[in-house]
Structure formats: structure tokens, C-alpha cells
Amino acid sequence: MLEQIKRNTVEIVSEEELKKILEKDEKKAYIGFEPSGKIHLGHYLQIKKMMDLEKAGFDIIILLADLHAYLNQKGTLEEIRKIGEYNKKVFEAMGLKAKYVYGSEFQLNKDYTLDVYKLALKTTLKRARRSMELIAREDENPKVAEVIYPIMQVNDIKHLDVDVAVGGMEQRKIHMLARELLDKKVVCIHNPVLTGLDGKGKMSSSKGNFIAVDDSPEEIKSKIKKAYCPIGVIENNPILEIAKYFLEYPLTIKRPEKFGGDLEIESYEKLEELYKNKEIHPLDLKNTVAEELIKILKPIREKL
């Protein structure tokens with residue numbers, strides 16, 4: 001089970017602590033999502049890890065962080081709640097079995113609020129701001145909400161009483177703050193942050209550089225066709241990242257006979273090697289990734 005949990009993660013803080021938790025009969029893992037737009041492949045990568053933890057015997061909690069989304073200027077509470085219900089429906093269509101909790105269900109309680117104040121006294125303004133660098137909306141004149149946000153997230157870990165917190169690497173600084181401030185040391189599992197289809201920064205619904213899990217086959221093909229994928233380039237290549245984290249191997253790269261015919265590839269590592277050596281053309285890679293992704297997302301799309 002440990003190897004399955006470790007697969008496609010950037011780091012686990014710490015692995016030894018996780019081994020001890022795996023021995024427990026009852027254990028809980030959580031991840032929080034701001035309900036703020038379409039569910040895309042970046043979210044799906046996180047949910048796949050939650051499904052790994054579910055198979056390892058964890059009770060899964062999905063925090064639909066409506067108050068966090070509100071603090072991060074993602075809309076009115078009514079708009080956010082509506083998107084939250086859509087998010088929940090998509091996660092269920094992915095096959096995840098979880099308990100869904102809205103932040104506003106417990107974050108307005110007296111005990112929770114008092115703990116926010118206590119944590120605020122232990123956290124410097126500089127530390128709180130730094131922990132939000134990769135999460136907050138770009139703003140020339142940041143709101144006070146930007147420093148309340150990470151303190152609440154730390155407090156969520158305490159009040160949900162979880163053993164494991166999961167997130168992308170953009171969550172790392174907040175998770176490390178939680179490990180410093182809370183009596184119970186939560187294990188932190190950090191997943192990769194997918195590169196946007198434009199090759200600029202992370203995949204994000206607000207930037208429009210994403211593939212939604214409910215996109216039609218035509219939309220998927222169109223988006224991948226336009227995506228950043230320079231020949232021979234591995235770094236920040238969104239098409240290769242999709243091939244790494246979502247496709248199954250062995251994989252067949254379909255090519256016309258005049259360009260050498262179909263190519264059987266036994267692993268992602270081999271695919272990367274061939275692409276780096278310019279032995280696979282970007283168009284052939286894109287066509288294969290698009291076709292495979294359409295198959296993978298079909299069951300989700302059909303349930304929505």
C-alpha cells in the first residue's frame with residue numbers, strides 16, 4: 001500500500017510517520033478544494049491520490065472550502081455553494097467514496113473561531129503572507145483575508161482531526177506551518193502541480209489553460225492540438241505531464257507508415273527518452289494523448 005501511495009507524489013512528510021499511521025485501524029485523510037470553477041486534470045490528479053488512500057483503508061474527507069474561496073475572491077457565497085455542489089457531483093463520478101464537508105459547516109463555530117485567534121498570535125504576518133504566495137489571487141493591494149486564509153487552513157486540520165493532509169506543492173508552506181503549530185503532527189502528501197496547456201504556470205480554470213474532466217472529445221482534441229509541446233522539450237511540457245500521470249503503459253504511439261509506423265512504448269520513462277531525442281513528433285504525441293485521455297474521461301463524462 002505504501003508504494004501505491006508514494007506513486008506520482010513529489011514528497012511525503014514524513015514517510016516514517018505515514019508507515020505508523022497505516023498500521024492504525026481508523027485513519028483519516030483530507031484534501032480541500034475551493035469551489036471556484038471547472039474540475040480539471042489538476043484536480044483529478046489529486047483525487048486519484050485520495051482514491052489510493054481510500055484503498056489503503058483511510059476514511060476520506062473532501063473539504064469544499066467555501067469560506068476560503070470567498071476570502072480568495074472567487075464569488076459570492078451563493079455562487080460558491082452552487083459550484084461546490086457541481087464539484088461534489090464530479091468527484092463522485094470519478095468513483096471517489098468520501099465524506100463531503102463545507103467549511104462553513106464548522107468554521108463559524110465558537111471553538112473554531114477562538115482557535116483561529118490563538119493561531120494568529122503564533123504566526124507572523126510575514127510567514128502567513130509567504131505561505132500564500134502560490135495560492136492567492138494576484139493583487140497589487142492584498143486584502144487582510146490573505147493572511148486569515150492560511151491560519152484557517154491550519155485550523156481545519158485540527159478541527160477535522162485528520163492524520164494525513166493532501167495537496168499540491170503550492171500547499172506545502174501552509175502544511176509545514178500546521179506541523180509547527182499543531183500538537184498533532186499531520187502527515188503531508190504533496191502531489192505535482194500540473195503545468196497549464198499554454199506552458200505558463202499551473203493548470204487553472206481562471207487562466208483557461210486546462211482540460212476539464214467533462215470536456216467533450218472534440219474539446220479535448222482541440223485543446224491538446226493547440227497546447228505547448230515543443231519538439232524535444234521535457235520541462236514544463238503539459239502533454240508529457242498528462243502522459244506521465246494519466247496514461248497506462250505499455251502505450252502505442254500511432255504514426256503513419258511513412259514516418260515509421262506505430263511505436264510500442266513500455267514505460268513513461270522510455271516515452272520521455274524518445275521524445276527528448278526527437279524520435280517522436282509532437283503531433284503524434286498529441287494525437288495519442290488526446291485519444292487515450294478521451295477514453296479515460298469517458299466514464300466520468302457519461303455520469304454527469
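This is a predicted model: local features need pLDDT of at least 70, side-chain atom pairs count only at pLDDT 80 or more; totals for chains, interfaces and linings use all residues.

**Entry 1: strand 6 and its neighbours**

I began with strand 1 (residues 11-13), which pairs with strand 6 in the antiparallel sense over 3 bridges. For pairing I need at least two bridges found by DSSP between the two strands.

Residues are numbered from 1 along each chain as its sequence is written, and side-chain values use heavy atoms, with hydrogens and water left out.

Next I looked at strand 5, which runs parallel to strand 6 and is joined to it by 5 bridges. Here Ala165 stands opposite Cys188. To get from strand 5 to strand 6, the chain passes through helix 9 (residues 172-181), and this β-α-β crossover is right-handed. Right-handed means that, with the strands pointing away from the viewer, the path from the first strand over the helix to the second runs clockwise.

Is strand 6 enclosed or open? I found that 5 of the 5 residues of strand 6 (residues 187-191) are buried, so the strand is largely enclosed by the rest of the structure. Buried means under 20% relative accessible area, exposed over 50%, and partly exposed in between, with a 1.4 Å probe and protein chains only. Both faces are covered: Val187, Ile189 and Asn191 are buried on one side, Cys188 and His190 on the other.

**Entry 2: strand 2**

I moved on to strand 2 (residues 28-33), which runs parallel to strand 3 (residues 59-64) with 6 bridges joining them. Tyr30 stands opposite Ile61 of strand 3. Together with helix 3 (residues 41-55), strands 2 and 3 make a right-handed β-α-β unit.

Strand 2 also pairs with strand 5 (residues 164-168), in the parallel sense and over 2 bridges. Which residue of strand 5 is the bridge partner of Tyr30? I looked it up, and the partner is Ala165.

I then turned to the second largest pocket, which holds about 320 Å³ of space. Of its 18 lining residues, Gln4, Arg7, Lys48, Asp52 and Tyr245 are the closest to its centre. Helix 3 and helix 11 (238-245) are the elements that give two or more residues to this lining, and helix 3 gives the most, with 7 residues.

For my own reference, a pocket is an open set of points on a 1 Å grid over the protein atoms alone, where a 1.4 Å probe fits and protein lies on both sides within 12 Å along at least five of seven lines; lining residues have an atom within 4 Å of a point. Points are joined across faces, edges and corners, and the volume is the space filled by probe spheres set on them.

**Entry 3: His68**

I picked His68, in helix 4 (residues 66-71). His68 is buried, with a relative accessible area of 2%. Which residues does His68 touch, not counting those up to four places away in sequence? They are Glu34, Gln107, Tyr149, Met152, Gln153 and Asp156, with contact meaning heavy atoms within 4.5 Å. From a polar atom of the His68 side chain, the backbone oxygen of Tyr149 lies 3.4 Å away.

Most residues other than glycine have a negative phi, and most peptide bonds are trans. I therefore wrote down the exceptions I came across.

- The peptide bond from Val13 to Ser14 is cis, with omega near -5 degrees; Ser14 sits in the loop between strand 1 and helix 2 (15-22).
- The bond from Tyr249 to Pro250 is cis too, with omega near 5 degrees; Pro250 is in the loop between helix 11 and strand 7 (251-253).
- Gln73 has a positive phi, near 60 degrees, and lies in the loop between helix 4 and helix 5. Gln73 is partly exposed, at 40% relative accessibility.
- Asn236 has a positive phi, near 55 degrees, and lies in the loop between helix 10 (217-226) and helix 11.

How values were computed. Helices (H or I, at least four residues) and strands (E, at least two) are DSSP runs, numbered from the N terminus. A polar contact is a pair of N or O atoms within 3.5 Å; within protein, one must be able to donate a hydrogen and the other to accept it, and residues adjacent in sequence count only if both atoms are side-chain atoms.
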